[in-house]
Structures are given as C-alpha cells and as structure tokens.
Amino acid sequence: MPTTVSADDPFVRLAQNLGELEVVIGERARPAVAEVRAQLDQAIGCRGRGDIAGSLAAIRAAMERLATLGSSLDSEEGAMMRFIAERFSQALGKDARGEAKGIVNLIRQKAGDNSKDGDDW
C-alpha cells in the first residue's frame with residue numbers, strides 16, 4: 001500500500017521550493033534541480049518504507065548536488081552549502097534530531113521557504 005505524503009512534509013516543501021532556483025539562476029539550474037527533486041523523492045520513499053539509511057543517503061546526495069550547483073555559481077555559496085551538508089550528516093550520524101531539523105529549516109529558507117516548520121520529525 002503506497003504511503004501518502006503530506007504537502008507539509010519538509011522534504012516535499014523543499015522540492016517544491018527548488019523551482020525558485022530555476023527562476024533565479026535560469027536554465028542551467030534545471031538539470032540540478034531535477035536531480036535534487038528525484039533524490040528528495042527517493043528519500044521520502046525510503047523513509048516511508050522504514051529504510052532510514054537509504055533516506056539519509058538520498059538526502060546527502062541531494063545536498064551534495066545543491067552544493068555542487070552553488071559552487072558552480074559562487075565558490076563562497078558552494079562552500080557554505082557544503083558546510084551545511086556536512087553538519088547535517090554529522091547531526092544525523094549522532095542522532096541529533098533537533099540539530100538536523102534546524103539545518104533542514106535553514107536549507108528550506110535558503111531555497112525560499114519561509115513558512116514555519118511543523119513537528120514532523
């Protein structure tokens with residue numbers, strides 16, 4: 001039975017807000033945005049099946065792809081995005097959910113989502 005994912009899911013909202021990158025950056029962001037969306041969809045699917053390791057791997061891959069895109073546009077922005085991705089991975093590795101949630105909220109804000117986050121962790 002397929003799992004229904006809420007539109008309020010932080011990863012769904014992040015994937016939706018990635019369209020802002022296409023608007024701001026233009027056509028060259030489209031392939032990266034498509035890859036990141038696919039990786040976030042994979043993360044959501046893995047999480048729904050209880051495959052936390054697979055979900056985390058997909059999230060890391062999505063974050064790395066965003067960092068690569070950032071580096072191609074602005075080396076400082078790319079460095080900051082890599083730092084955020086590393087902190088996220090570290091937080092998840094030590095099961096620091098509050099820290100990881102804060103980092104996801106930061107990523108969402110960078111992607112243009114300024115809404116309040118629910119307690120969906």
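A helix axis here is a line fitted to C-alpha atoms over the stretch in contact, and the angle between two axes runs from 0 to 180 degrees between their N-to-C directions. With that in hand, let's walk through this predicted model, starting with a pair of helices.

The axes of helix 1 and helix 3 come within 9 Å of each other and cross at roughly 170°. Angles over 145 degrees count as roughly antiparallel, so helix 1 is roughly antiparallel to helix 3. If you look at where the two meet, you will find Phe11, Val12, Leu14, Ala15 and Gln16 on the helix 1 side, with Arg37, Leu40, Ile44 and Arg47 on the helix 3 side.

Now follow helix 3 itself. Its 19 residues, 30-48, reach 27 Å from the first C-alpha to the last, close to the 27 Å expected at 1.5 Å a residue. Buried along helix 3 are Ala32, Val33, Val36, Gln39, Leu40, Ala43, Ile44 and Cys46. Because they cover an arc of only 165° around the axis, they lie on the same side of helix 3. Their packing partners are helix 1, helix 2 (19-25) and helix 4 (52-73). Just after helix 3, Gly50 takes a positive phi of about 85°.

Leaving aside residues up to four places away in sequence, Leu40 touches Phe11, Leu14, Ala15, Leu18 and Ala62. In the largest nonpolar core, which has 26 residues, Leu40 is among those touching the most other members, along with Leu18, Val36, Ile59 and Met63. Helices 1, 3, 4 and 5 (75-93) each give two or more residues to this core, and helix 4 gives the most, with 7.

Conventions
Residues are numbered from 1 along each chain as its sequence is written. This is a predicted model: local features need pLDDT of at least 70, side-chain atom pairs count only at pLDDT 80 or more; totals for chains, interfaces and linings use all residues. Side-chain values use heavy atoms; hydrogens and water are left out. Helices (H or I, at least four residues) and strands (E, at least two) are DSSP runs, numbered from the N terminus. The expected span of a helix is 1.5 Å times one less than its number of residues. Buried means under 20% relative accessible area, exposed over 50%, partly exposed in between (1.4 Å probe, protein chains only). The arc is that of the directions from the helix axis to the C-beta atoms. Contact means heavy atoms within 4.5 Å. A nonpolar core is a set of buried Ala, Val, Leu, Ile, Met, Phe, Trp, Tyr and Cys residues joined through side-chain atoms within 4.5 Å. Angles under 35 degrees count as roughly parallel, over 145 as roughly antiparallel, 65 to 115 as roughly perpendicular and the rest as oblique.
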